[in-house]
Structures are given as C-alpha cells and as structure tokens.
Amino acid sequence: MSNRRLFAFVDALATGRRPKRFRAQPEDADVLRTAIALRAARPGEAAPTEPFVEGLFQRLSEQAKSPSMPEPRPARRLRVRTVLVAAAAAGLLVAGTAVVTEQLHHPAPTSAAAHVPQGSQLRTGTFQTTDGQVLGQIVAYRGHPSWVYMNVNVPQYDGTIECMLQVDNGATVAFGTFTVHGGGGQFSKTLSEVNVSQLRGAKLVSSTGSTVAAATFAR
Amino acid sequence: MVSGGDVPYLHVVDDDVYRDWESVYRDNVDRLYRLMYARVGNRADAEDLTSEVFSTALGPLRLSSSKGQVRAYLLVTAQTVLASHWRRRLGQPVTAIDPDTDIAYLTEPSAVEVVSDAPARARKILQALPDRYRRILELRFLEACSIKEAARSMGISVSNAKVLQHRALRMAANVDLELGP
C-alpha cells in the first residue's frame with residue numbers, strides 16, 4: 001500500500017479537489033469510504049450548481065439533435081409509431097412522440113476522460129406478442145458488471161413473469177422472475193454467465209407457462 | 001391471459017409518465033447528482049458521473065414507460081457508471097449503488113431528505129472517536145481546513161497531523177463498519 005498516495009487521495013477529498021487515481025488495496029477501501037462519508041456530510045455542498053445543471057442540459061440537447069445518431073429501423077419504427085400514435089389519439093398514452101430505439105448511444109463529451117458506453121455496449125430489443133403488439137423493452141449492457149433491464153406493460157395481468165434469455169447457439173437460459181402488478185412491471189439484474197454480445201433475444205413466460213412476448217436484440 | 005389475441009391493441013399506461021426527455025432530466029438531475037456526490041465525495045467527479053448517466057441513459061430511454069420505470073433505469077445505469085468509475089480510479093469498489101435501497105434517492109419528494117442521513121451518520125462516527133482523532137477529522141472534512149491549518153489549530157507539526165489523520169480515519173472506518181449500512 002502507498003500511504004502517500006492514500007493520503008493524497010484523502011487530502012484531495014478533504015479540500016474539494018478531484019482525487020487522482022492510484023492502485024488501492026482492499027484494506028484502503030474502508031478508509032476511503034469513511035472519508036467520503038465524512039466529506040459528504042459537510043453542510044451545503046451536496047446540491048448541484050445551476051451552471052452545471054444548465055450546462056449539462058445544453059450538451060444533452062445538442063446530443064439529442066446530433067445527426068450522427070442512428071435512426072431506428074424504418075419498419076419497426078413504423079410499427080411502433082402506429083401503436084403509439086393510435087394510443088395517443090385515443091387519449092390513452094401521454095408520451096405519443098416516443099419511439100423505441102435501437103442501439104442508440106452517442107454520448108456528449110464530458111469534462112472528464114470517462115469511458116461512456118458506446119453503441120456496441122448497449123443492446124436493446126422490444127418485447128412483442130406473436131401478433132406484433134409492443135409490450136415493453138429490454139436493454140442489455142456489456143460492461144463490469146453487465147446487466148439487463150426490462151420494463152413491460154401487460155394489460156390486465158397480475159402475477160409473476162419469468163424472463164428467459166436466448167443465446168446465439170440456440171440455448172435458452174432462465175434469467176429471473178419478477179412480479180407484474182396491475183399490468184406494469186420492471187426487472188433488472190446483473191448478467192454474469194452470459195456474454196451480452198452472444199444474446200439473441202429474450203422471452204417472457206407467464207406463471208401458467210404460456211409465452212407472453214419475445215424480443216430480439218438488435219445487432 | 002396475455003398472449004395472442006387476448007391483448008388489446010391499445011394499452012393503458014400509467015398517467016404518471018414523463019412528457020419528454022427534458023422533464024426526465026429536470027426531475028432527476030438534482031436527485032442523481034446528490035446520490036453521486038454521496039458516493040464519491042467531491043463535486044468534479046459527481047458532475048462527471050451524473051453527466052455520464054444521462055448521456056448513457058437518454059438514448060435508449062422509452063418515454064412511454066412510467067416515471068418509476070424511468071427512475072429504475074436511471075438508477076441501474078448509475079450503478080454501472082459508478083462501478084466503472086471506481087474500477088478506473090482505484091481498482092477497488094469503494095462505494096456502490098444498490099438499486100433496491102437507493103431508489104429512495106430518486107423517488108422521495110426531496111432528495112435532501114435522503115441525503116440528510118449523512119450528517120447524522122458522520123456525527124455518530126465522530127462521537128465514537130477519542131478527542132484528538134475527532135478534532136483532526138472535523139477540521140479536515142467538516143471545516144475545510146488544509147493539513148497545515150489543521151496542524152496549526154491543534155498545535156502539532158504537519159507530519160504529526162498527517163499521522164493523526166491517518167490513524168483517526170482507520171479508527172473511524174472501524175466505527176463506520178460497526179454502525180452497519
């Protein structure tokens with residue numbers, strides 16, 4: 001362990017500077033965690049500044065308008081928009097302009113040299129019934145840790161739903177079970193045994209064993 | 001059940017949804033920042049990590065999801081962003097975000113109420129320490145003194161102040177562990 005580097009890190013925390021990286025040892029973690037907890041307790045510094053909030057808003061606005069953002073596939077966009085526009089027309093859906101995205105991600109530059117997940121690290125799919133009705137979305141992230149997040153709207157359904165992941169070799173892996181209340185549910189879990197890049201799709205199965213919906217991950 | 005033709009073509013969604021990505025941002029930026037600040041303890045990193053969460057999450061975001069679903073998605077993204085931060089910075093997972101317990105940061109009416117636990121916990125830790133240990137940590141972390149100023153205030157050398165701070169932090173870490181999550 002380098003006490004000098006540990007001291008420098010703690011000193012930066014105490015004085016409000018960005019701490020420099022170093023290779024910490026496991027026993028350093030407790031000390032650093034406590035230093036962070038003490039620093040976070042200093043009155044009046046936990047809130048974001050107005051310039052930061054507005055500056056980030058401007059950067060995200062430019063990111064959203066960037067022409068380099070890939071468009072969703074036309075066929076699927078048309079199908080999803082049909083559903084959403086029809087729903088909005090019926091007064092049932094507030095967010096009528098939403099579209100399901102396919103591997104969207106082009107990050108805006110930040111003030112740090114942080115690694116922002118690129119498109120290849122995020123994979124998305126849309127849960128659809130056998131007749132093409134959209135029931136939700138699934139997002140898989142390849143990183144450390146990798147994780148999968150999904151949300152579903154299954155009308156008039158209360159109960160458990162099991163998520164099965166399908167990999168490229170055709171195998172199906174039971175990923176987890178979550179509960180849907182009043183039609184709505186969401187589920188997230190870290191993914192350790194399956195490589196995100198090898199995911200082909202996902203399937204939702206009801207408590208009675210019938211398939212609710214399936215999703216195919218966009219390439 | 002829910003398969004095939006039993007599913008209505010139009011589905012009713014929770015009224016409690018965001019109307020656009022700006023409302024997602026405005027409703028969550030303060031809360032996410034406070035969460036990140038509590039996990040990294042400095043403004044520069046908290047700002048960068050908050051930026052990274054939004055930059056990552058807004059692309060795949062589906063606005064027809066309920067506010068609860070959007071917040072859960074933001075929190076899972078924040079979990080990954082923070083884990084990557086510590087891996088790059090120290091190679092150790094110093095702090096983490098637990099989507100099950102930290103969702104309160106994004107759902108409470110005011111995130112301040114959640115973070116307000118931090119001063120109380122800091123007081124408990126400090127009160128459990130010997131006087132000199134408590135004083136050096138108060139001077140450094142709560143009163144924003146430099147190591148020189150802290151040494152001068154306590155009437156000791158800078159070298160002694162560094163040793164005292166190191167020992168005090170070690171003991172404080174043990175107290176923190178005893179207090180539990």
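Reading a predicted two-chain model

Read along the sequence, chain A follows the pattern α-α-α-α-β-β-β-β-β-β-β-β. This is a predicted model, in which local features need pLDDT of at least 70 and side-chain atom pairs count only at pLDDT 80 or more, while totals for chains, interfaces and linings use all residues. Residues are numbered from 1 along each chain as its sequence is written, chains are lettered from A in the order in which they are written, and side-chain values use heavy atoms, with hydrogens and water left out.

Biologist: What makes the pattern of chain A one of helices and strands, and how many of each are there?

Modeller: Helices are DSSP runs of H or I with at least four residues, and strands are runs of E with at least two, numbered from the N terminus; chain A has 4 helices and 8 strands.

Biologist: How do you know where confidence in chain A is lowest and where it is highest?

Modeller: The pLDDT is the predictor's confidence in each residue, from 0 to 100, and in chain A its mean is lowest in helix H4 (residues 74-89), at 34, and highest in helix H2 (residues 26-40), at 93. Over residues 68-119 of chain A the pLDDT is below 50, although this stretch has 104 contacts in the model beyond near neighbours in sequence, a contact being heavy atoms within 4.5 Å. For chain A the mean pLDDT is 71, with 70% of residues reaching 70 or more.

Biologist: Why does Leu74(B) count as buried?

Modeller: Buried means under 20% relative accessible area, exposed over 50% and partly exposed in between, with a 1.4 Å probe and protein chains only; Leu74(B) has 0% relative accessibility, and therefore counts as buried. Leu74(B) lies in helix H3 (residues 67-89) of chain B, and among the residues it touches, leaving out those up to four places away in sequence, are Val24(B), Leu32(B), Phe54(B) and Leu106(B).

Biologist: Why are H3(A) and H2(B) called roughly parallel to each other?

Modeller: Angles run from 0 to 180 degrees between N-to-C directions, the axes being lines fitted to C-alpha atoms, for helices over the stretch in contact. Angles under 35 degrees count as roughly parallel, over 145 as roughly antiparallel, 65 to 115 as roughly perpendicular and the rest as oblique. Helix H3 (residues 50-65) of chain A and helix H2 (residues 43-57) of chain B pack at about 30°, with their axes 11 Å apart, and H3(A) and H2(B) are therefore roughly parallel. Residues making the contact include Phe52(A) and Leu56(A) of H3(A), and Thr50(B) and Phe54(B) of H2(B).
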